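Please read the numbered points alongside the sequence and the structure.

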Amino acid sequence: MDHELHGRLDELQRDPYPHYTRARQTEGLVRVPELDAWLVARDADVREVLRRPEDFSSANALTPDVLPSPAALAVLGGGFGGRPVVVTSDGARHQELRAPIVRGLSPARVAAALPYAAERAAALVDAFAKDGHVELMSAYARRLPGDVIGRIVGFDPEDVPAVVHGGHRAEELLFRPLDEDGQVAAAQDVVTMQHILDALIRERRDRPRADLADELIDSLAPGDGELTLDQRHELVAHLQNLLIAGHLTTTALIGSTVLHLLRHPRQWELLCAEPDRIPAAVEEAARYDTALQGFRRVTTRTVTLAGTELPADSSVFVAFGAANRDGARHPRPDEFDITRDPGRHLAFGFGVHSCPGSQLAREQLRITLEVLTRRLPGLRLSGDHSPVIMRPTMIHRSPEALHLAW
């Protein structure tokens, strides 16, 4: 991708909403060169694509914006993974890969993790509550979700920071323009994470603990013999995908939710006064500025969508974030309003690929808003810092940094 196109992609990713508005107002579909894809921006069209996985395959769902350099690829060759995962699979294989994740994130498993999540949230806030200021992304939003998914999967707590860091670095490597030294350093961090995952998988084969890691191993590599190298690659790929989905999206959602509440101080004050509004605030924040802005799909045959004929192998970007601002589905779509009746938004997808961790994400956001409204009702955006900049990514949209004071 040339420098100018990268600049335009960066701009689109930091604020995609004007592009979405134009696309929704244009008849048919709009092709977006920066995404190298047709943009699906209306709620009805997004739902149609998600209802038709046989016509719109997920094989390209994680196509990177940036291809790593040969030097970075050589580093990655010393790691594990590189196999199809649940978000890039279709049909029976997708169901087979998804089933252990759905079981591992069942309502009972999520409920069992909530006391720990509340304890961690309180401890993280304790660490900065007396300071009068905080950068929330690093001090809280990047820490709670990793700790919680790490516990559900079954990690030793001391391994969680390296695993969370590796997840962030994997996203940077595939979706940010880094120089070659930066790519190599990111690849090394990803490989470090993959070796931790491989060690966990081999340990669990010998000493099961009935956690989510065991659920994956039992489902995808049944039996009790030593795991083959191919099975280890496959299991690391799944665990890496699950972990990144399990913490990066929730981190993003926490950051953008607090940002929009504090940009609307009366709504923050209302939430502090009436905490029973927190579940509705969670839904409105997820709708208004969706963490996972969208996924790619590729057509398996010639299809017509919104009156536009798409040949086989056409790439489409299915924009959940655009659908969630569609006035045909959500009145006053560009207004952030926690008092609205929550509509059926698409922040967690829809259909066979809907997010199996949506309840866990909602609960962590609920716990976060409960502890912040109770402990720090005077919270506000810090005036000592320049305007909040959004991270340039469609995968985990959130503030780069969120400086707060009270």
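1. In this predicted model, five strands form an open sheet in the order 1-2-8-5-3, with mixed pairing. The edges are held by strand 1 (30–32) and strand 3 (56–57); each has a single partner strand, so one side of each is left without a neighbour in the sheet. Strands (E, at least two residues) and helices (H or I, at least four) are DSSP runs, numbered from the N terminus, and two strands pair if DSSP finds at least two bridges between them.

2. Within that order, strand 2 (residues 37–40) and strand 8 (residues 315–319) run parallel and are joined by three bridges. V40 has V318, in strand 8, as its bridge partner.

3. A further open sheet consists of three strands in the order 4-10-9, with antiparallel pairing. Strand 4 (133–135) and strand 9 (380–381) are its edge strands, each pairing on one side only. Three bridges link strand 4 to strand 10 (residues 403–405) in the antiparallel sense, and V134 lies opposite L404 of strand 10.

4. On numbering and confidence: residues are counted from 1 along each chain as its sequence is written, and side-chain values use heavy atoms, without hydrogens or water. Local features need pLDDT of at least 70 and side-chain atom pairs count only at pLDDT 80 or more, while totals for chains, interfaces and linings use all residues.

5. The protein contains 16 helices and 10 strands. Its radius of gyration, taken over C-alpha atoms, is 21 Å, close to the 22 Å that the globule rule gives for 406 residues, so the protein is as compact as a globular protein of that length. That rule is 2.2 Å times the number of residues to the power 0.38. The C-alpha trace spans about 60 × 55 × 45 Å along its principal axes.

6. Of the 406 residues, 57% count as buried, meaning under 20% relative accessible area with a 1.4 Å probe and protein chains only; exposed means over 50%, and partly exposed lies in between. Among contacts (heavy atoms within 4.5 Å) with a separation of 6 or more, 75% come from residues 24 or more positions apart.

7. Where does P157 lie? P157 is placed in the loop between helix 8 (144–153) and helix 9 (160–175). With 62% relative accessibility, P157 counts as exposed. The C-alpha atoms of P157 and G146 are 9.9 Å apart, at a distance of 11 residues along the chain.
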